[in-house]
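Hello,

Here is the structure I promised to pass on to you. Please have a look at the fold first, and then read my notes below.

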Amino acid sequence: MDTGLLHLHNLLRWVILILLLLSIVKAFTGWQQKRAFTGGDRRVWLFTLIAAHTTLLIGIEQLLWGRFGILKVTIPEGESVMKNSFFRFFWVEHPLFMVLATIFITLGYGMAKKPVADNIKFKRAFWLFFIALLMILVAVPWPFRGEGIARPLFPGMAA
Ligand code: HEM
């Protein structure tokens, strides 16, 4: 089950990236073209929120009980979390950036419900989603990341 969740966590990255890009395009074009906010905009933002929250929940599960989970693994003698690049990445940097990105996505979706002019909704949501995208791009363990941190683009592939 643990491997299944990790594979799902891996795959959901693509779902988030695609939906987040769509959300950004919708927010940007809405802002620039001064168009009215529609149910279609809200739906794409909502799906982005759901994908991010699902990935967050699986991430928390992995962080606690996964194969390198805090409750499962003991840090080698003489090492510390911040000195060991592997643990620093998976226990601190990755979770921190991804939690922040999820907060930004949640705030971006929140603009759909804010009683403000549509143009303001689009503009603020654009910046919130854009910052979330940058954080995710920085904190994903891409295959070109260092030894130990690099992970495959898709489950089962070589990193
Ligand atoms: C937008 C949110 C997130 C994205 C896109 C994301 C993406 C990824 C990816 C692509 C992997 C590599 C999976 C693999 O080895 O096949 C990974 C691993 C991991 N993620 Fe996330 N993640 C997110 C959020 C989180 C959060 C919020 C946490 C913790 C609170 C977390 C904890 C972990 C852990 C511990 C691993 C390593 C698991 C292992 O190798 O056994 N992730 N993540």
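This is a predicted model: local features need pLDDT of at least 70, side-chain atom pairs count only at pLDDT 80 or more; totals for chains, interfaces and linings use all residues.

**How α2 is covered**

The buried residues of α2 are covered by elements that include α1, α3 and α4. Here, helices (H or I, at least four residues) and strands (E, at least two) are DSSP runs numbered from the N terminus, buried means under 20% relative accessible area, exposed over 50% and partly exposed in between (1.4 Å probe, protein chains only), and a contact means heavy atoms within 4.5 Å. The residues of α2 that are buried are D41, V44, W45, T48, L49, A51, A52, T55, I58, G59, E61 and Q62.

Residues are numbered from 1 along each chain as its sequence is written, and side-chain values use heavy atoms, with hydrogens and water left out.

**Overall picture**

The protein has four helices and zero strands, in the pattern α-α-α-α along the sequence. Its C-alpha atoms fill a box of roughly 60 × 30 × 25 Å along the principal axes. Of the 159 residues in the protein, 40% are buried. Among contacts between residues at least 6 apart in sequence, 68% join residues at least 24 apart.

**The other helices and a loop**

α1 has 32 residues and reaches 46 Å from its first C-alpha to its last, close to the 46 Å expected at 1.5 Å a residue. After α1 comes K34, with a positive phi near 50°. K34 sits in the loop between α1 and α2, and is not a glycine despite that phi. Most residues other than glycine have a negative phi. K34 is exposed, as its relative accessible area is 66%.

α4, with 22 residues, reaches 31 Å between its first and last C-alpha, close to the 32 Å expected at 1.5 Å a residue. Its buried residues are K121, F122, A125, F126, L128, F129, A132, L133, M135, I136 and A139, and they pack against α1, α2 and α3. An α-helix has 3.6 residues a turn, so residues three or four places apart point the same way. I120 also belongs to α4, but is partly exposed at 34% relative accessible area. The C-alpha atoms of I120 and G30 are separated by 9.9 Å, although the two are 90 residues apart along the chain.

**The cores**

A nonpolar core is a set of buried Ala, Val, Leu, Ile, Met, Phe, Trp, Tyr and Cys residues joined through side-chain atoms within 4.5 Å. The largest one has 31 residues, of which L20, I24, W45, I105, A125, F129 and I136 touch the most other members. Two or more residues each come from α1 (2-33), α2 (39-65), α3 (85-110) and α4 (118-139). α4 gives the largest share, ten residues. Beyond its neighbours within four places in sequence, I105 is in contact with L20, T48, L49, A52, F129, A132 and I136. Apart from this core lies another of six residues, including F86, F90, W91 and I149.

**Aromatic rings**

There are 19 aromatic pairs in the structure; rings of Phe, Tyr and Trp (its six-membered ring) pair if their centres lie within 6.5 Å, with planes under 30 degrees apart counted as stacked, over 60 as edge-to-face and the rest as tilted. The rings of F86 and F87 have centres 5.2 Å apart and planes at 85°, so they form an edge-to-face pair. F86 is buried at 17% relative accessible area, and F87 is buried too, at 7%. Ring pairs also link F68, F86, F87, F89, F90 and W91 into a cluster.

**Around the ligand**

For H94, an N or O atom of the side chain is 2.8 Å from a nitrogen atom of the ligand.

Best wishes

Note on methods. The expected span of a helix is 1.5 Å times one less than its number of residues. A polar contact is a pair of N or O atoms within 3.5 Å; within protein, one must be able to donate a hydrogen and the other to accept it, and residues adjacent in sequence count only if both atoms are side-chain atoms.
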